[in-house]
Amino acid sequence: TPEGGKVRMAIGIEGKEIVTTVSDTGIGIPAAAQGRIFEKLYRADNASKNTSDGTGLGLYIAKSIAEQSGGTLRFTSKENEGTTFRFTLPLAGVAAKQSMHTIISDF
């Protein structure tokens, strides 16, 4: 978010999920890039032009963690207005995978 912009974060419970939203008044994600934003190593053109930092891995990893935990990661965005990301996780926690259970029971 450029200097003078705002970033807001909220955490709450909706039904059986914990929901975290992060909103900014930054550069936004162009409509043409929105379908690819969670792809590994992808960076929207406007992000690449505004900052050389970033690898295009952060959103890919975040979405993978959310989905493997039984949650979601979604967003809404308008170019030059900002973006809101919504991250959900189940309140009940994540069921252990069989391989994790086997490792734990060996101790």
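Predicted model: local features only at pLDDT ≥ 70, side-chain atom pairs only at ≥ 80, totals over all residues.
Strand 4, spanning residues 82-90, takes part in two antiparallel pairings. With strand 2 (residues 17-24), strand 4 is paired over eight bridges, and Ser23 lies opposite Thr84 of strand 4. Strand 3 (residues 72-78) also runs antiparallel to strand 4, and seven bridges join the two. Within this second pairing, Arg74 faces Arg86 of strand 4 as its opposite residue. Strand 3 and strand 4 form a hairpin with three residues between the strands, where Asn80 adopts a positive phi near 70 degrees.

The largest nonpolar core comprises nine residues: Ile29, Ala33, Ile37, Phe38, Tyr42, Ala44, Ala66, Leu73 and Phe75. In soluble globular proteins, nonpolar side chains tend to be buried together. One member of the core, Ala66, is located in helix 2 (residues 58-68). Ala66 counts as buried because its relative accessible area is 0%, against a cut-off of under 20%. When neighbours within four places in sequence are set aside, the contacts of Ala66 are Gly71, Thr72, Leu73, Phe87 and Leu89. The C-alpha atoms of Ala66 and Pro90 are separated by 9.7 Å, and the two residues lie 24 positions apart in sequence.

Ile29 is another member of the core. Beyond residues up to four places away in sequence, Ile29 touches Gln34, Ile37, Phe75, Ser77, Glu79, Thr83 and Phe85. Among these contacts, Ile37 and Phe75 also belong to the nonpolar core.

How values were computed. Residues numbered from 1 in each chain as written. Heavy atoms only, no water. Pairing = 2+ DSSP bridges. Helix = DSSP H or I, 4+ residues; strand = E, 2+ residues; numbered from the N terminus. Buried < 20%, exposed > 50% of the residue type's maximum accessible area, 1.4 Å probe, protein only. Contact = heavy atoms within 4.5 Å. Core = buried A, V, L, I, M, F, W, Y, C linked by side-chain atoms within 4.5 Å.
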